[in-house]
Amino acid sequence: MYSYVEQYLDQWGFSVGGATKCKPNDNKIMLDVNFVVCQLCALLTAVWFRLYLHPSKTSPFVRHVVATLLGIYFALFCFGWYALHFLLQSGITYGIMILTGVEHMHKYCLVVALGYLSFCQITRVYVFDYGMYSLRMARKEDQLNQSQKLLAIRRMPSLLEYFSYNCNFMGILAGPTCSYNDYIAFIEGTPYRHRDLETKGKVNGKSRLNDPSPNTEVIRKLATCFISLLVFLSVCKVCPVERNVDDDFIATTPFYAQVVYLYLSMLTTRPKYYFVWTLADAINNAAGFGFNGYDSNGLPRWDLISNLRIMNIELATSFKVFLDNWNIQTAHWLKRVCYERCPYNPTAATFLLSAMWHGAYPGYYLTFLTGIVITLAARAVRHNVRPYFLGSPTLKFVYDVITWAATQIAICYTVVPFVLLSVGPSLKFYRSWYFCIHIGCILLAIALPVKPRHLRLKEQQPAVQPSLESTDSNSNQKQKAT
């Protein structure tokens with residue numbers, strides 16, 4: 001749904017928008033300003049929305065209408081008339097949902113939504129700069145796992161609810177995406193209505209508050225935004241990514257220095273994502289959306305729709321850990337609609353779908369194709385090598401240090417085409433490294449094979465049954481003894 005904003009982040013600007021005619025650089029700066037102004041206005045509006053349109057003070061209908069109209073207004077202000085693609089695409093998919101049955105709507109929505117998205121993205125590469133979509137997948141009840149049952153939509157949304165979900169002012173510019181049920185529960189003021197609470201309303205013997213204040217969390221996230229923006233503006237020009245493919249740099253710089261520079265140059269690109277995603281999270285929290293229960297200490301958690309965990313990203317010791325903490329909500333969406341549903345090669349299918357979601361630039365596909373190879377290699381190493389380092393804390397520490405360095409370099413190596421976008425510079429970079437990480441990962445994946453996911457799950461099921469039977473037999477023996 002938010003690939004438009006993803007591509008905005010990739011270049012920190014747009015090439016189209018607003019009605020004002022100006023030079024490309026001026027237009028880019030103007031749209032940067034528009035985006036930040038709209039997000040700041042959305043933050044203030046979110047506070048007003050929570051205080052004066054609280055579910056206890058007004059009806060869900062009013063909250064839907066206000067959230068939708070404000071979202072459309074902000075989108076028009078920021079993107080100009082191209083924001084109508086939000087409404088057009090949402091209207092098309094809603095029409096499909098009405099005209100087709102539950103058993104087939106996910107197929108038609110998938111084809112139409114991806115077709116519309118691809119058309120917008122291909123057009124964007126050559127003419128414009130837009131493209132967004134939402135996607136729903138339908139299944140029978142007995143085919144759903146527990147998390148899918150929790151998020152399943154049991155009734156047809158009304159047109160107002162559908163547009164409110166897709167175009168609300170809190171997430172229309174930068175997300176993050178969220179489940180439909182979570183959003184509707186927030187609008188109606190019943191955030192736990194559809195969730196199975198094991199603790200039955202209590203944590204550590206303390207009753208849950210019905211409506212905890214998000215003020216502390218919003219202030220903390222705004223401070224993170226300020227620091228991220230300050231860091232980005234300070235260092236983004238110091239280590240440009242393009243220097244990795246500069247002929248003089250490649251010819252005169254030792255390889256170890258190229259590795260260090262690659263890490264530093266990609267490190268300086270992350271704060272802009274930290275800024276935009278954390279600000280979007282703060283906006284939703286300020287409106288009262290994002291409450292995720294209480295932690296073990298009884299403190300409120302506001303991470304229901306958080307999109308990243310910065311420390312986990314920077315200290316990641318595996319490719320999977322990095323991806324699990326980066327663009328979290330999109331990763332959840334990809335997992336639910338693709339990885340958990342694809343019977344064969346779910347990893348490759350998920351990466352390819354992610355590439356289509358991001359856009360039509362060749363660099364995106366080079367990045368995600370590389371990601372497939374590195375993911376398979378990282379999984380093979382973890383399953384085959386890691387157990388040998390768990391014998392002592394010292395060995396575990398050595399393993400963590402090595403895998404941290406390997407993960408950070410692998411991530412940087414993978415996402416260079418994502419930043420450069422074009423085929424020529426991307427392949428030039430990989431050639432300067434002699435495709436060494438590609439080759440090494442392919443060899444590791446072949447030498448250290450891992451059983452397919454569906455076979456591992458089958459092996460785990462019989463292992464669970466004997467333990468259950470032994471537990472039952474032990475309990476029966478105790479009953480007889482008594």
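Author: What follows takes the salt bridges pair by pair. The model is predicted, and the count in it comes to 9 salt bridges.

In helix H9, which spans residues 215-235, Lys 221 and Glu 217 are 4 residues apart, and so about one helical turn separates them. Their side chains meet in a salt bridge, with an N to O distance of 3.8 Å; the cut-off is 4 Å. Both Lys 221 and Glu 217 are buried. This pair also belongs to a network of salt bridges, in which Glu 217 and Lys 221 are linked with Arg 220 and Asp 281.

A spacing of 4 residues, about one turn, also occurs in helix H14 (residues 319-324), where Lys 320 and Asp 324 both lie. The salt bridge between the side chains of Lys 320 and Asp 324 has an N to O distance of 2.6 Å. Lys 320 counts as exposed because its relative accessibility is 58%, and exposed means over 50%. Asp 324, at 36% relative accessibility, counts as partly exposed.

Helix H18 (residues 393-420) holds Asp 400 and Lys 396, which are 4 residues apart and therefore separated by about one helical turn. Here the side chains meet in a salt bridge of 2.9 Å, N to O. Asp 400 has a relative accessibility of 23% and so counts as partly exposed; buried would require under 20%. Lys 396, with 26% relative accessibility, likewise counts as partly exposed.

Terms used
Residues are numbered from 1 along each chain as its sequence is written. This is a predicted model: local features need pLDDT of at least 70, side-chain atom pairs count only at pLDDT 80 or more; totals for chains, interfaces and linings use all residues. Side-chain values use heavy atoms; hydrogens and water are left out. Helices (H or I, at least four residues) and strands (E, at least two) are DSSP runs, numbered from the N terminus. Buried means under 20% relative accessible area, exposed over 50%, partly exposed in between (1.4 Å probe, protein chains only).
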